[in-house]
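The entries follow in the order I made them.

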Amino acid sequence: MKVPAGATTVRIPRQRGFRPAAPVVVLIPEQRPSLTSRAAWAVGGWLWRHRTMWAPSGIAVGVLAAVGAVHVIAPWMVWALAALTPAPAGGLWWVRRSRPDAFGEHTARLVALTVLATAALGWAAATVHFGPLTGPLMWLWLLLATAAQVFWLVVRRSH
């Protein structure tokens, strides 16, 4: 059997049975990937290789989708998120009180993380209440995601 150029041949072995049948031959034409496909593979490969570096951005996109779903499904969650908003400040106070030596070494880092976490919880509460597509809240999300990404890169580089 002649196979056309640029085709892949897959031979399926004979099947057992009562009547002998001819072997099945499947021809799969070889297609060159499109430019869009190659670009998507290149970007996907780059993102996979650098996935730990871009973790905060991925998490921010996931949180935006989750908060949007909570806005639709359970709008009462605004009260739980609003009650949790001061929790990072309480955690900072607890660290300062219980471990002053650790607080002294990383004061700026802990304060920045506290401010970022408090702002993120406040954003989540406001987004559950008003909706994720509200203009100022989208800008705040972009600002918080950028700040988290920069904080992540700076902290990772300093270790």
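**Entry 1: Pro-56.** I started with the contacts of Pro-56, where contact means heavy atoms within 4.5 Å. Leaving aside neighbours within four places in sequence, I found Pro-56 in contact with Ala-148, Gln-149 and Trp-152. The C-alpha atoms of Pro-56 and Trp-152 are 7.2 Å apart, though 96 residues separate the two along the chain. Pro-56 lies in helix α2. Is Pro-56 buried or exposed? Pro-56 counts as buried, at 12% relative accessibility. The cut-offs I used: buried is under 20% relative accessible area, exposed is over 50%, and partly exposed is in between (1.4 Å probe, protein chains only).

**Entry 2: ground rules.** I noted that this is a predicted model, in which local features need pLDDT of at least 70 and side-chain atom pairs count only at pLDDT 80 or more, while totals for chains, interfaces and linings use all residues. Residues are numbered from 1 along each chain as its sequence is written, and side-chain values use heavy atoms, with hydrogens and water left out.

**Entry 3: the whole chain.** I counted seven helices and two strands. These are DSSP runs numbered from the N terminus: helices are H or I with at least four residues, strands are E with at least two. Along the sequence the pattern reads β-β-α-α-α-α-α-α-α. Of the 159 residues, 18% are buried. I also looked at contacts between residues at least 6 apart in sequence; 60% of them join residues at least 24 apart. The accessible surface is about 12,200 Å², and carbon and sulfur atoms hold 71% of that surface. Areas come from the Shrake-Rupley method with a 1.4 Å probe; for residues, only the protein chains shown count as cover.

**Entry 4: helix α2.** Helix α2 covers residues 55–73, 19 residues in total. From first C-alpha to last, α2 reaches 26 Å, close to the 27 Å expected at 1.5 Å a residue. The expected span is 1.5 Å times one less than the number of residues. Which residues of α2 are buried? They are Pro-56, Ala-60, Leu-64, Val-67 and Gly-68. Seen down the axis of α2, these buried residues fall within an arc of 120 degrees, so they line one face of the helix. The arc is taken from the directions from the helix axis to the C-beta atoms. The buried residues of α2 pack against α6 (107–130) and α7 (135–158). On the face turned away from the buried side I listed the exposed residues Ile-59, Val-61, Ala-65, Val-72 and Ile-73.

**Entry 5: Gln-149.** At 6% relative accessibility, Gln-149 counts as buried. Neighbours within four places aside, Gln-149 is in contact with Met-53, Trp-54, Pro-56 and Ser-57.

**Entry 6: Trp-54.** Trp-54 lies in the loop between α1 (35–49) and α2. Trp-54 is partly exposed, with a relative accessible area of 33%. I also found Trp-54 in a nonpolar surface patch of about 360 Å², together with Val-43, Trp-46 and Leu-47.

**Entry 7: Thr-118.** My last stop was Thr-118 in helix α6. Thr-118 is partly exposed, at 25% relative accessible area. Leaving aside neighbours within four places, I found Thr-118 in contact with Thr-85, Pro-88 and Ala-89.

Key:
Patches are made of residues with over 30% relative accessible area and no salt bridge: like charges are joined within 9 Å, nonpolar side chains (Val, Leu, Ile, Met, Phe, Trp, Tyr) within 5 Å. A salt bridge is a side-chain nitrogen of Lys or Arg within 4 Å of a carboxyl oxygen of Asp or Glu.
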